Structures are given as structure tokens and as C-alpha cells.
Amino acid sequence: MWGASTSAHQVEGGTVNQWSEWELAHANELAKSAKRRLSNASNQDAIKGQASDPHNYVSGRGVDHYKRYEEDFGLLEELNMNTFRFGIEWSRLEPQEGAWNIEAVEHYRGYIRSLKARGIEPIPTLWHWTVPTWFEAKGGFERKANLRYFDHFVQKFADEYAKDLAYVLTLNEPNVYVGQSYAMALWPPQQKNYFLCAKVYWNLLHAHKRAYKILKSKNPSLQIGIASQLYNAVPKRPYSIVDNLAVKVSTYVWNWWFLNRIKKHQDFTGLNYYFTTYYQNFLQRCNPAWPENDLGWYMQPEGIYPLLLELDRRYKKPIIITENGLADAKDIYRKWWLEQTIVAMQRAFSEGIALKGYLHWSLLDNFEWADGWWPKFGLVAVDREHGMKRTVRPSAEWFGKYIARARGKREVDGE
Ligand code: BGC
């Protein structure tokens, strides 16, 4: 599988959920604090203007993907991709409790049908951090009793679409969500409460297990997983017991705790890879200073290799890379990142790892949550000021040709 990933809220436009409400309430404040927050981002000049503008922090019209999805699927074809990950937005299907929006139900039916007609495998995600405002008002995932509302949504999804699908992702990165929302207090509902953090994590675990059962009972052959954000932790001094201990503890908490508990409720492992972190002493981060992407994240693309090995050793399930990419507005590093990642994947593959697919984050420039619009993750640039014009970046052109060769499509490049 070669493809790209998106999430509903980050591209569709016009979504109304707990995130969109939070954006409107916090855009001014985020713009004011941009300078302080972004002090370690690499391309200061490029972001200064946009990051201190409140409009940057409102998802608003998105990149109009809800209306232009046919055009965007055309881009997937242009890049020779055969798989696409996208979000099914709960707040669209069920804008009021128990009241299903027929237009939205039919929209996603047409969406899935169109992908399949083009020979592109659809991989929907059911929860990518956004929920309907009515669900949030009831306490969202903070209350175990509320899981029944998520069950209803999953049941509706299963009834409408499960028979037409081969793959589903239930949750996206529960670890990132609880960390950002309940420990760092950076994302809605901005709580710094470790008890709640653990509770929401626990409830999400059960939300997944319940969803797994609902989906399987509708379509037993459906392959179900979650998209996990896992990082490659490295002891700065390989001989140091302390550095090694730091790696063991932190990866257990961040990478493995959740996955260990859903072992029997996953058919494949979804891996989102962005980070390698070096530890010295107890949890003191000491990454090399360079190279960094536009968000100031240290880049070590080949760090995906040890993770692929470890995932295979631990869970013995097929692996799909469900996200992988970088914020790189000038497209300086993207081709290098892709090349390094491909080498790492080939090594893993040659060792017999059941790596089934690679989905790049992202197909399109999109709304990067609390950082808003300025970080550019797209293989395809989107100019929101000029009619949402899509432009394939040079790295993506290269990648598209690579995919054609990898898939043995001989017509490309006259081969
Ligand atoms: C998330 C995406 C996000 C990307 C880049 C992942 O953690 O699933 O929604 O845009 O990282 O930060």
C-alpha cells in the first residue's frame, strides 16, 4: 500500500465540534503568545507574520476538502497512490445526540465509493481527537458512562459502511491526545490533571475494545487497528545504565502501555512516526541540534527502522505506517526524509517484517491543531488565499514516480 493520510477536521472545512469552538475562543490568545511558544521553531521569519495572526488559529473553511474531494482523489492518482487514510467526522454524522444527518451519511458513502472506483483502498479513522459539542458537554471521554455514545456512532458507521471496507482505524494517537489535553493543558479542554489524564486514557482503551467488537460483528473480515504515535528513544550513552533505564521507562509508558492492552483487539499495528529522542541521565533530552523541520522537531527519519523491528517482535501482526512526515514549507528536506524512510523500510522488509503499507502525512497542507495553518505538511501545497489552489511539491513528484516503479507501473517515465 502506498498512500497518504489526512484527518477530517484538518482538511474538510466547516466542521463544528469541540475543537472548532475552542479555536474561536482562543485564537487571539494563541496569536499573542506565538512568539514565546515558537521560540524554538526553525523558520522564525517565515512564520512570524502568520503565527501572530489570529486567523491562523481557526480551521474555518479548511482546505475545502469536503467539497473538493474528487479533485484531491485525482491528486492521489496522479501520485500513483493506491491507499488513502481519512477521517469520518462524528460531529457531522451526529450533530445532535441521536439525530443522524442523512446528507453527511450519504456524503461519506459517495466518498468511499469514489475511492474504490479509482482503485484506492479507503482507510477511515473514527476518532482523530474531535467530538461533537453535545458529547463534550456531557463530559466527553472523561466519563466511562459516555462510552455508550461513542458505541452508537461506531454502530452507525458499521451499519452504513463496514461491508464496503477492508480496513478501519478506530483511534488516532490516544497518548498524544491525553498528553496535550490533560497533562500539558495545551489543547481542549486544557486541563492539567493527571488523574483525569489517566482516566481518559483508560476510557479510550475501552472505547477501542468496544468498537472492535461492534465492527467485527458487522464484518468479521474487517482489519481493525489504531494509529499509534510511537517514538524511537535512544540512550545517548549506549553503555550507561541510567540512560538505558530512561529509555525503558519512557517507551513503556508512551509506546507500549496502550498497545499491550489491546493486543487481542487489533488485526494490524498502525504506526505514526515523527520523532527520535536521545536521553541522557534520567529523562534529560539531548538530541543533535540539526536537522530540524519548520516546527523545530529534530529529524531522524531512519529511526523508524528499530520501531518496525520492535513492533514486529512484540505484536507479530502486519504493520501499516499510518503517518510519517514533516513540516517543510520550502520542501527542502521532504525528498531526503522520504528516501531515508524508504531505505529503512526496505531493510525491515528484507528481514521478513510484515510491513504492508506506507501512508505519508499528509496529502495536503492542513490545519496543524494549536499551531494552525503555518506548518506545511503537505505533499501538495494548498494556497488558501488564492482559491485553495493545489500545487504538487517537487518532492511529491519524485515520490509519485518512485511509487510507480515500486508498484511496477511501467507506463510512468516511459519505463
Ligand atoms: C497527528 C496529526 C498531526 C501530525 C503532525 C500526528 O500526531 O495525528 O493530526 O497533524 O501528527 O503533527
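**Entry 1, the ligand.** I kept in mind that this is a predicted model. I started by listing what surrounds the ligand: Gln-10, His-128, Trp-129, Asn-172, Glu-173, Tyr-274, Trp-297, Glu-323, Trp-361, Glu-368, Trp-369 and Phe-377. Sorted by type, that shell comes out as six nonpolar, three polar and three charged residues.

Next I looked up polar distances to ligand oxygen atoms. Gln-10 has a polar side-chain atom 2.8 Å from a ligand oxygen. For His-128, a side-chain N or O atom sits 2.9 Å from an oxygen of the ligand. Trp-369 also puts a polar side-chain atom 2.9 Å from a ligand oxygen. Then I checked the cover: the ligand on its own exposes 310 Å², and the protein buries 95% of that.

I found Asn-324 in strand 10, which spans residues 319-324. Is Asn-324 buried or exposed? I get a relative accessible area of 0%, so Asn-324 is buried, the cut-off being under 20%. As for partners, its side chain makes a polar contact with the side chain of Trp-337, at 2.8 Å.

I then went looking for nonpolar surface and got a patch of about 750 Å². Its members are Ile-241, Val-242, Leu-245, Val-249, Tyr-252, Val-253, Phe-282 and Leu-283. I picked out Phe-282, which falls in the loop between strand 8 (276-280) and strand 9 (284-285). Its relative accessibility is 48%, so I logged Phe-282 as partly exposed.

Technical notes. Residues are numbered from 1 along each chain as its sequence is written. This is a predicted model: local features need pLDDT of at least 70, side-chain atom pairs count only at pLDDT 80 or more; totals for chains, interfaces and linings use all residues. Side-chain values use heavy atoms; hydrogens and water are left out. Patches are made of residues with over 30% relative accessible area and no salt bridge: like charges are joined within 9 Å, nonpolar side chains (Val, Leu, Ile, Met, Phe, Trp, Tyr) within 5 Å. Accessible areas come from the Shrake-Rupley method with a 1.4 Å probe; for residues, only the protein chains shown count as cover. A salt bridge is a side-chain nitrogen of Lys or Arg within 4 Å of a carboxyl oxygen of Asp or Glu. Helices (H or I, at least four residues) and strands (E, at least two) are DSSP runs, numbered from the N terminus. Buried means under 20% relative accessible area, exposed over 50%, partly exposed in between (1.4 Å probe, protein chains only). A residue is near a molecule or strand if one of its heavy atoms lies within 4 Å of it. A polar contact is a pair of N or O atoms within 3.5 Å; within protein, one must be able to donate a hydrogen and the other to accept it, and residues adjacent in sequence count only if both atoms are side-chain atoms. Ala, Val, Leu, Ile, Met, Phe, Trp, Tyr, Cys and Pro count as nonpolar, Asp, Glu, Lys and Arg as charged, and the others, Gly among them, as polar.
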